[in-house]
Amino acid sequence: MSHYIRYESDPHTQRKDSRNLRRMLPFIWDYKGRVLFALLCLVASKMAIVGVPFILKQVVDTLGVKGESILILPLTLLIAYGALRLAGSLFNELRDAVFAKVRYHAMRRISTNVFNHLHRLSLRFHLDRRTGNISRDLERGASSVSSILNYMVFNILPTIAEFILVAAILFTQYPTRFAIVIFSTVVIYFIFTFLITEWRMHFRHEMNALDSKANGQAVDALLNYETVKYFNNEKLEGQRYDQTLSGWEQAAVRSQTSMSLLNFGQGSIIAIGVTIIMVFAGQGVVSGQMSIGDLVLVNALMLQLFIPLGFLGIVYRQLKYALADMDLMFKLLDRKAEIRDNRDAQPITVKEGKVSFTAVSFAYQPERPILDNVSFEIEPGQKLAVVGPSGAGKSTLARLLFRFYDINDGVITIDDQDIAQVTQQSLREVIGIVPQDTVLFNDTIFYNLQYAKPDADKEQVMQAAKLAHIHEFIQSLPDGYDTMVGERGLKLSGGEKQRVAIARVILKNPKILVFDEATSSLDSQAEKAILAALSEVAANHTTLVIAHRLSTIIDADQILVLDGGKIVERGTHRSLLEQHGLYAHLWQLQQEEKTETVVQDV
Ligand SMILES: Nc1ncnc2c1ncn2[C@@H]1O[C@H](COP(=O)(O)OP(=O)(O)OP(=O)(O)O)[C@@H](O)[C@H]1O
Ligand SMILES: [Mg+2]
């Protein structure tokens, strides 16, 4: 939230800034021809613009002289005057036009880079992040690249170029005191601007921090719209929001008034400088050393120089903000992915689909072990069920099989290949999952179904939907397959989402299947129908089923009972019942529940 403040207090800011600027260069260098041409245009337009006052001087001087040639000479000069102005503006626009491609191309490449990098980062990172913040970093980072280029090419470099030109002219054409006054004015101007801007920055930081906070509160409250209503807390939310905004208001007012101070100070310095120069020029004219044209020229040059200088204070501040944004973006790019392919990783080859966990131990955080020495095998084409209390680590098994995390100990293999040694891409291709919570893209149902296999045709998608018993429901919707599912798929019921997930797996048709409570949100009737369909799909597939309702896994070839990260029992349904252990106890409980509901229903 207050990343600007953190950024500012960093003593290495300067070095970091220049390092970041250097990192930006390769993105610009794709179009080096254009960059060079734009810089040439910049110099040309500045030369033309600085040339204008010279012609003006000639015009004034010529008109001042009483002679016959008066009617011819000024005309040429006046045309030259117009031509120069035109050239100035032409080269200026040409520079913008040529540079546009460089700018937007750099933005696009950097954004794509960051986006791809984000997808490379592991689940751990994504569970910790705040989506809003990351997307802001991405957005700000990309626009910072554009604004830095903008300021550089359109403000800072031109101003420097112009300053050097003007100073050189004054220095060579006029007495040294002109150059000295200009030079000191600019130096004082810079120091003043720098100091005041540094002082003002903290108002801006405060404003930004409070702005982000208010934004966060608003977004959070809106996301939790239902919860706010359930607890009648609209007023509380409104007050909290307003409180933050009142702090923002104060900071904003201070920032604005201090800006006026800055502007006035800058204006005064310029006014004093220009006055002194004009006094010198006036003296020069009186003493006959200078013509009236010289006076006009000096005045025009000064004004021309100070106008862009006036923007420099703003540009300086904006540049600092942009550099801070860019730094955040590069920090994101510098994050190392936790799960990476080995350098010599090969794609996995799966013929049979035998899955084996050998002495696997795993912890999300070192101080809290989740799985402890878990070993099991799923023979090709067989079905293994995992049951156990909530939090036992069942879904974790599925995450490890997908290699979302690396295990701390032991080894997981598929057809005798260590999953940590093969490419992640090929590994994830051979496994399909119906996750415990299905989240959908805010797009059409068709898009979400087809996502499992982007090259599937409509026929295949519908076939999968039919197998998952969702085709008829979709057909009954006014927009059919084109129905939008809402944010995260929230416009669909839990059971409907689950069936979309099942259809997706059917469409993907991988060798190994994982069902994590795949039918938990379905009513008994729908569940029965889908289980029949699933066992058809799962025939010849190696299947890992995680289930709460034991009745759904009676037919499993092997059942593991997981408790506290350990396998406490294993066997078939029948043998487990005979053991009279945890499984038998759970089975007993669920049977009782069932008869109770039957009794209630009657
Ligand atoms: N990303 C994570 N970081 C830290 N701890 C986690 C993370 N994900 C899960 N856990 C913890 O790991 C344990 C096992 O989680 P898991 O999701 O495997 O449970 P489960 O057996 O599937 O439970 P349920 O039946 O409720 O789905 C839980 O106690 C959970 O709090
Ligand atoms: Mg789970």
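Colleague: Why is H7 called roughly antiparallel to H9?

Modeller: In this predicted model, the axes of helix H7 (residues 176-223) and helix H9 (residues 234-286) cross at roughly 170° and come within 9 Å. Axes are lines fitted to C-alpha atoms, for helices over the stretch in contact, and angles run from 0 to 180 degrees between N-to-C directions. Angles under 35 degrees count as roughly parallel, over 145 as roughly antiparallel, 65 to 115 as roughly perpendicular and the rest as oblique. The crossing of roughly 170° therefore makes H7 roughly antiparallel to H9.

Colleague: How do the residues of the contact of H7 with H9 divide?

Modeller: There are 24 nonpolar, 11 polar and nine charged residues in that contact. Here Ala, Val, Leu, Ile, Met, Phe, Trp, Tyr, Cys and Pro count as nonpolar, Asp, Glu, Lys and Arg as charged, and the others, Gly among them, as polar.

Colleague: On what conventions does the model rest?

Modeller: Because the model is predicted, local features need pLDDT of at least 70 and side-chain atom pairs count only at pLDDT 80 or more, whereas totals for chains, interfaces and linings use all residues. Residues are numbered from 1 along each chain as its sequence is written, while chains are lettered from A and ligands numbered from 1 in the order in which they are written.

Colleague: How many helices and strands does the chain have?

Modeller: The chain has 19 helices and 10 strands. Helices (H or I, at least four residues) and strands (E, at least two) are DSSP runs, numbered from the N terminus.

Colleague: What makes Arg403 buried?

Modeller: A residue is buried if 20 or more other C-beta atoms, placed from the backbone, lie within 10 Å of its own, exposed if 12 or fewer, and partly exposed in between. Arg403 has 20 such atoms, so it counts as buried. Arg403 lies in the loop between H11 and strand E4 (409-414), and its phi is near 55°, a positive value in a residue other than glycine. Most residues other than glycine have a negative phi.

Colleague: Is Asn373 buried or partly exposed?

Modeller: Asn373 has 14 other C-beta atoms within 10 Å and is therefore partly exposed. Asn373 is found in strand E2 (residues 368-378) and has a positive phi of about 55° although it is not a glycine.

Colleague: Why does Leu118 count as partly exposed?

Modeller: Leu118, in helix H4 (residues 73-120), has 19 C-beta neighbours inside 10 Å and so counts as partly exposed.

Colleague: How do you know that His580 is exposed?

Modeller: His580 has 10 other C-beta atoms within 10 Å, which means that it is exposed. His580 is placed in the loop between helix H18 (573-579) and helix H19 (582-601).

Colleague: Which element gives the most to the shell around ligand 1?

Modeller: H11 does, with three residues. A residue is near the ligand if its C-beta atom, placed from the backbone, lies within 6 Å of it. Among the surrounding residues are Leu127, Tyr364, Lys394 and Gln436, and the shell divides into four nonpolar, seven polar and one charged.
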